[in-house]
Each structure stands twice: as C-alpha cells, then as structure tokens.
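Dear colleague,

Please find below the structure that I am handing over to you. A short account of the findings follows it.

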Amino acid sequence: MAWTSYQLLLAFVMVITGSINTLSTKWADEIKSVGRDGKNKHFNHPFFQASCMFLGEMFCLITFKTLYRIYSLRADGTEDVKELTKGNRNFNPLILFIPAMCDMTATSIMYIGLNLTYASSFQMFRGSVIIFVGLLSMGFLDRVLNKREWNGIVLVCIGLVVIGVADFISKDTNADNHGRNDIITGDMLIVIAQIIQSIQMVVEEKFVAGQDIPPLQAVGWEGLFGFLVLGFLQIPFYFIRAGPPVTEHYGDRLEDAIDAFVQIGHSWQLTLAVLGTIVSIAFFNLAGISVTKELSATTRMVLDSVRTIVIWIFSLAFLGQKFHWLQLFGFVWLLAGMGLYNGITFRSVFIKVRSLINRRYNTMEEDLIENKNAEDVNQP
C-alpha cells in the first residue's frame, strides 16, 4: 500500500530532525567561542550537551500532557483512542529511572566520543547496539536468536571493523582536528556506550514493555530523570580535574556549565547549534514514535539508515571530512547486517518492489480499460 501524505511527512521529519540532532551537536564541538577565562576555545562540554538532549526529551512529556489535556476536554474518550496518548497512564514513573540512568551514561560517553571522531562514524558505530542487544536478550530475556539474526550480527561486526580500519588509516588530520589516536578513542567510546544503551533496551523490554506506557510519556519521563540527575552531577563535576580525552587539556574541569553558558552567550552560532540539539531531539522522538505506530519498527530502522547517509554527505560537504572508500564498503556491510537482523533481505526487498510495480501496472491497466469503456459509451 502506498504511503499517505501524513506518513511521508513523518518519515521526512524523522530523517531531517535526526540528522540535525547529530550534526548540530558536532557543529557545536567545532565552534570556537570566548569562555569565562577570556580565551577563544572549542566548545568542549559533552555533559552539558547531554543535558540539553535530555531537556529536549523532557519536552516530549510536556507535549504528552498538553495533548492529553486537549483530548480529555472533549469528554468523548478521545485520549484513549489517539495513538500518542492511549495506554496506561497510572504507573509508577520510577520504573523508568534505571533506563534513564543508562541513557544518561551512554549519551554522555557518546558525546565525548563524538567530540573526538567524525559525525558519520558516530552514527555508524551506533549500529553496534544490535550486537549487544542480541547477546543480552539471550541471557536476560530468554530469547533464541535464529540463523538469520546471527548472520545479521556477523555482517554488522564486519562492517564495524571495516569502518574502524577506515578511521585508523585515514590521513584527515591537521592542527585543528583530532589526531588518529583521538579518532579511534572516540570510536571505541561510542561502541562502549552502545553496551550501556543495550542494557537500557533490555531493561525496558523486561520491566517496562508490559506496562503499556504511551511512548511519548516514557521518553518524557526518562528525559526528566536524565536532565535532573545529570544537572546535579555537574556540580561535583565542576570541582573534578580531568584530562584528555574527556577534557581538552590536562587539569581542566570535568564539566564547567558556567563556562558553557558564557561561550554560548558570546556566539550566536553556538546558540543556534545548542537550540538545534534541544528542538531536534524532541521532534525526532515524536516523529520516530509516530513512524513506528503508523508504519513499523523496521521502517524506522530503514529511515535511521537514511539519516546516517544524510549525516555522512553533510560531513563530507561541510564538516571537512574526507571520503574514504573503505568507510563506504563498511557502511554497506553494516546496512546489510542491520537489515538482515530486522528481517529485511534482498529477496524480501525484490518481492516488495515487484509487488509495488505490478500493483501500479494493474492500476494503470484498469484506468485504461475504464477510459476505453467510457469512450465506447459516449460514442453515438
């Protein structure tokens, strides 16, 4: 069945806002602005940026409450029918606390890694979450992976290794960019973050999935918990001294939120990048949830892959990344593995495309027959 205009809009919003989220965060890392010490320096505040992301997720909770209020005022049960609000609303929000802490930890580590590596590599290495979710689900959810899923995991591993090799042998380094060791460290941090992210997914499936919580509300509560906890953690982080790769120089504060606000105040580009992170993550989650509801989780995975391509093209065009054929080769393996794990094979794609072509051809044929009959009737 062809997509409706609404479904096409959802897919477009998901791809664009998801791309903006990663690119705006990376753009902020590249911007130099005057800090509280009077020096012009890069915006190296991964924990502050993670807080901004959770602030954006928190807006999902506000959106849910607003929609629920609007629907409930109709007094016709609309709030129990609409996809974004229907479900169990009488639950203990604390069941989302552990997933939120996993998300907080993983996001903070990923943003440290993003500061060190390319935006495209950041997006591609996030695909490694499939490996860890598959393995953990066997141990804690009693799942049995079939042959197709194992083959998908193998292909993902091959793709990740090739992408890592591409980053390692890349000579795209200069005085303003991170060196080869930093890039590899960033890649490894992103993979480590996916282990934590997979724990979040398994915990959610084991303890949260059966609660029938509206997804928009779940994302909002996790955003609220993450924002509050990480916000308070930045107080002790201010007094902790650290060094690379977490900070730019040895002896810098682990996180200096005051310095982050000063830098934002001195640069409209930085302000725009931070606002892009906050707004885009809210719309991305809203569109992603709607795509899963309107279409399928598999479609959401495909669109996420399209987002990776958009980020990659943008990085090559505007963020100074150089093209390496190995990265393309690795991405193809990664995409094939993710598709195979989610049940998308070349055969299924071929059958789907052939079905769409046949349906379109039959529709055209029927229209021609109807027009021919109409002409025959109108002839005297």
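A crossing is called left-handed if the near helix is turned anticlockwise from the far one by less than a right angle, and right-handed if clockwise. Helices are DSSP runs of H or I with at least four residues, numbered from the N terminus. The model is predicted, so local features need pLDDT of at least 70 and side-chain atom pairs count only at pLDDT 80 or more, while totals for chains, interfaces and linings use all residues. Residues are numbered from 1 along each chain as its sequence is written, and side-chain values use heavy atoms, leaving out hydrogens and water.

Helix H2 (residues 46-72) crosses helix H8 (residues 215-239) in a left-handed manner. The angle of this packing is about 145°, and the axes lie 7 Å apart (axes are lines fitted to C-alpha atoms over the stretch in contact, and angles run from 0 to 180 degrees between N-to-C directions).

The structure contains seven salt bridges, a salt bridge being a side-chain nitrogen of Lys or Arg within 4 Å of a carboxyl oxygen of Asp or Glu. Arg89 and Asp80 form one of them, at 2.6 Å from N to O. Arg89 is partly exposed, at 23% relative accessible area, and Asp80 is likewise partly exposed, at 44% (buried means under 20%, exposed over 50%, partly exposed in between, with a 1.4 Å probe and protein chains only). Another salt bridge links Asp256 with Arg253, with 4.0 Å between the closest N and O atoms. Asp256 is buried, at 9%, whereas Arg253 is partly exposed, at 25%. Through shared partners, salt bridges join Arg36, Arg253 and Asp256 into one network.

Yours sincerely

Conventions
Helix = DSSP H or I, 4+ residues; strand = E, 2+ residues; numbered from the N terminus.
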